[in-house]
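Subject: A structure for you to look through

Hello,

Here is the structure I promised to pass on to you. Please open it beside this email and follow along as you read.

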Amino acid sequence: KSIVVLISGNGSNLQAILDACASGFIAGQVTAVISSKADAYGLTRARDAGCAAHSLSHQDYQNREDYDSALQQLIERYQPDVVVLAGFMRILTASFVTHFSGKLLNIHPSLLPKYQGLHTHQRAIEAGDSIHGCSVHFVTEELDGGPVVLQAKVPIFADDDAETVAARVHEQEYRIYPLVIRWFCQGRLQQQGNHALLDNEPL
Ligand code: GRF
């Protein structure tokens with residue numbers, strides 16, 4: 001299976017996915033990594049793993065529609081079975097999301113539907129939550145609103161700050177994202193409207 005990964009930064013989730021492909025845990029390969037930022041460290045990870053690495057800056061495009069249509073064309077070169085957002089910090093147009101509907105996955109650092117958007121760890125701490133986590137979901141037009149496939153929970157302790165919580169959440173992200181991609185590449189996972197199905201059972 002062909003996996004295209006979109007990033008904007010460090011790419012530690014990308015690394016977990018690359019490692020899972022290399023070990024055979026995921027029956028697929030990352031055929032391309034595309035970053036919205038030219039200096040993203042994830043591009044180095046991609047090159048080190050022998051993947052095609054591209055950067056696509058919004059500064060080279062007039063508007064969101066033009067950017068997303070260039071992004072779509074670049075992705076299509078790799079004929080992906082699945083397109084994986086891993087810390088890709090841009091909102092995607094409805095047309096892009098519709099084009100890749102059913103094969104577009106994202107990981108979000110909260111227990112959705114809680115804390116959509118940014119600064120999720122800080123918000124969970126400020127709300128006094130004792131449980132926090134991360135979610136892998138199919139992407140729909142609704143930002144951070146698509147059907148959830150898998151979540152992992154972590155505790156928040158009294159002496160935590162956003163950084164210590166983020167580190168704890170990251171460890172779980174590196175477990176659940178490769179697992180969901182494994183299921184997808186095995187043909188076990190599907191999106192049906194606002195539902196995710198595993199082995200034809202609603203999740
Ligand atoms: C992760 O926490 C992910 O949940 C969020 O962005 C972060 C990306 O980190 N969407 P990395 O680039 O994979 O290290």
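Two residues are said to be in contact, or to touch, if their C-beta atoms, placed from the backbone, lie within 7 Å. Keep in mind as well that this is a predicted model.

Leaving out residues up to four places away in sequence, Val-84 touches Ile-3, Val-5, Ile-17, Leu-105 and Ile-181. Val-84 also belongs to the largest nonpolar core, a group of 51 residues. Val-84 is listed there among the residues with the most contacts inside the core, together with Val-5, Ile-17, Val-33, Ala-86, Leu-105 and Ile-181. Which helix gives the largest share of this core? That is helix 6, residues 162–185, with seven residues. As background, nonpolar side chains tend to be buried together in soluble globular proteins.

The main sheet

Seven of them make an open sheet with mixed pairing, and their order is 3-2-1-4-5-6-7. From one strand to the next, the twist averages 20°.

Helix 1, residues 12–22, touches strand 1, strand 2 (29–35), strand 4 and strand 5. The direction of helix 1 makes about 165° with that of strand 2. Helix 6 packs on the sheet too, touching strand 1, strand 4, strand 5, strand 6 (131–138) and strand 7. Its direction makes about 30° with that of strand 6.

Strand 8 and strand 9 (residues 195–198) are antiparallel and share four bridges. Gln-191 stands opposite Ala-196 of strand 9, and Gln-192 has His-195 as its bridge partner in that strand. The two strands form a hairpin with two residues between them, and Gly-193 in the turn has a positive phi of about 60°.

Strand 9 and strand 10 are antiparallel as well, with two bridges. Here Leu-198 has Glu-201 in strand 10 as its bridge partner. This hairpin also has two residues between its strands, and Asp-199 takes a positive phi near 50°.

Positions from the UniProt record

An unreviewed UniProt entry marks His-108 as "active site". His-108 lies in strand 5. Is His-108 buried or exposed? The cut-off for buried is 20 or more other C-beta atoms within 10 Å. His-108 has 25 of them, so it counts as buried. Setting aside neighbours within four places in sequence, His-108 is in contact with Cys-134, Ser-135, His-137 and Asp-144.

The unreviewed entry also places "binding site" at Arg-64, Met-89, Arg-90, Ile-91, Leu-92 and Asn-106. Two of these are worth a visit. Arg-64 lies in helix 3, residues 64–76. Arg-64 counts as partly exposed because it has 15 C-beta neighbours inside 10 Å. Asn-106 lies in strand 5, residues 104–108. Asn-106 counts as buried because it has 23 C-beta neighbours inside 10 Å. Not counting residues up to four places away in sequence, Asn-106 touches Leu-85, His-137 and Val-139.

Around the ligand

Last, turn to the ligand. How many residues surround the ligand? There are 15, and the closest are Asn-10, Ser-12, Asn-13, Gly-87 and Pro-109. Helix 1 and strand 5 each supply at least two residues of this shell, and the largest share, three residues, comes from helix 1.

Conventions. Residues numbered from 1 in each chain as written. Predicted model: local features only at pLDDT ≥ 70, side-chain atom pairs only at ≥ 80, totals over all residues. Pairing = 2+ DSSP bridges. UniProt positions renumbered as here; feature names shortened; annotations may be inferred. Buried ≥ 20, exposed ≤ 12 C-beta atoms within 10 Å, placed from the backbone. Core = buried A, V, L, I, M, F, W, Y, C linked by C-beta atoms within 7 Å. Axes fitted to C-alpha atoms, helices over the stretch in contact; angles between N-to-C directions. Near = placed C-beta within 6 Å.
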